Amino acid sequence: MFRVLAAATLWVLCLGAQPAPRSTPDELAVVREINKIRRFPREYARYLRALGLRFEGTLWRLADHVPIRTNEGRPAVIEAAEFLERVEPVTAFVAYSEELHLAARDHVRDQGPTGETGHAGTDGSRPGTRVRRYADPGSLVGEVINYGLETPRMTVIMLVIDDGVKDRGHRRSLFDPRFRVAGAAIGEHKAYGTMVVVDLADAVTPRPEP
C-alpha cells in the first residue's frame, strides 16, 4: 500500500505556498498532491499497481468507492504505473497561485452548469485567455481537468492515468518541469457531479486589483 510520507517531507512540500483564503482546503490539497507525485513517482507507482488488481473487465471496483466504468480498464492503470517507475522525478516545486485558482474557477462556473467537457469556455475562451484575466503568465500555460467526485489524491492519480486520452496530455502536463505555478478549483458539474480544474504556468505576475 501507499507509504505515508514523513511529516518533515510533507512540510517541505508546503513551503512557499501562501495563498489567500479564497481557495478551499481541497483545492490546495490537489496542488500539494501534484507536488508529491512529481517528486515521489515511485511511491505512487506501487500504489497504482495495487489499485490495478481491482478490475472486472473495464469496471474498476475500488474500496469505499462507487464502481468506475473506464474506457481502457486495467492496462491504462498499469501503463501509468510503468510511467511513474521510469519517469525522472521533478524536484522543482509548484507554488500555489490564487490568480490561477481564479482562472480555473471561471471555467468551473462556466462549464459546470452545462454538463459539457473540455477546455473551451462557452464564450470560446481558452486556458490562456482565462489566466490573463487575473495575471500575466510567462511563456507557458496549461490546464488539466478531472470529472467526478474524488479525493485530491485520486484526482491527481486519475489525471496521471488519463484513461481514454490517447496522447496522455494531462499526464504530460503534470510532469512538465517547466510548470512552476498552479491553482485549482473544484465545483459542481451537471453530468459528472463534480469537476476539478487545475491551471498551470511557468510563471505568473499578478495584475493589480482595481
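**Close-up views: rings, charges and strands**

**View 1. Arg171 over Phe83.** The charged end of Arg171 sits over the ring of Phe83, 4.9 Å from its centre. A charge sits over a ring if NZ of Lys or CZ of Arg is within 6 Å of the ring centre and within 35 degrees of the ring normal. Arg153 places its charged end over the ring of Tyr47, 5.9 Å from the centre. This is a predicted model: local features need pLDDT of at least 70, side-chain atom pairs count only at pLDDT 80 or more, and totals for chains, interfaces and linings use all residues. Residues are numbered from 1 along each chain as its sequence is written, and side-chain values use heavy atoms, with hydrogens and water left out.

**View 2. Phe55 and Trp60.** The structure holds 3 aromatic pairs. Rings of Phe, Tyr and Trp (its six-membered ring) pair if their centres lie within 6.5 Å; planes under 30 degrees apart count as stacked, over 60 as edge-to-face and the rest as tilted. The ring centres of Phe55 and Trp60 are 5.1 Å apart and the planes meet at 10°, so this pair is stacked. Phe55 is buried, with a relative accessible area of 14%. Trp60 is buried too, at 2%. Buried means under 20% relative accessible area, exposed over 50%, and partly exposed in between (1.4 Å probe, protein chains only).

**View 3. Tyr147 and Tyr192.** Here the ring centres of Tyr147 and Tyr192 lie 5.6 Å apart with planes at 40°, so the pair is tilted. Tyr147 belongs to strand S6 and Tyr192 to the loop between strand S7 (181-189) and S8, so the pair ties together parts that are 45 residues apart in sequence. Strands (E, at least two residues) are DSSP runs, numbered from the N terminus. Tyr147 is partly exposed at 21% relative accessibility. Tyr192 is partly exposed at 49%.

**View 4. Strand S6 against strand S8.** S6 and strand S8 (residues 193-201) pair in the antiparallel sense over 7 bridges. Two strands pair if DSSP finds at least two bridges between them. Asn146 stands opposite Val196 in S8. Val144 has Val198 of S8 as its bridge partner. In S6 (residues 141-147), 5 of the 7 residues are buried, so this strand is largely enclosed by the rest of the structure.

**View 5. Strand S7 against strand S8.** A hairpin of 3 residues joins S7 to S8. The two strands pair in the antiparallel sense over 9 bridges. Ala182 has Leu200 in S8 as its bridge partner. Of the 9 residues of S8, 8 are buried, so S8 is largely enclosed by the rest of the structure.

Technical notes: Helices (H or I, at least four residues) and strands (E, at least two) are DSSP runs, numbered from the N terminus.
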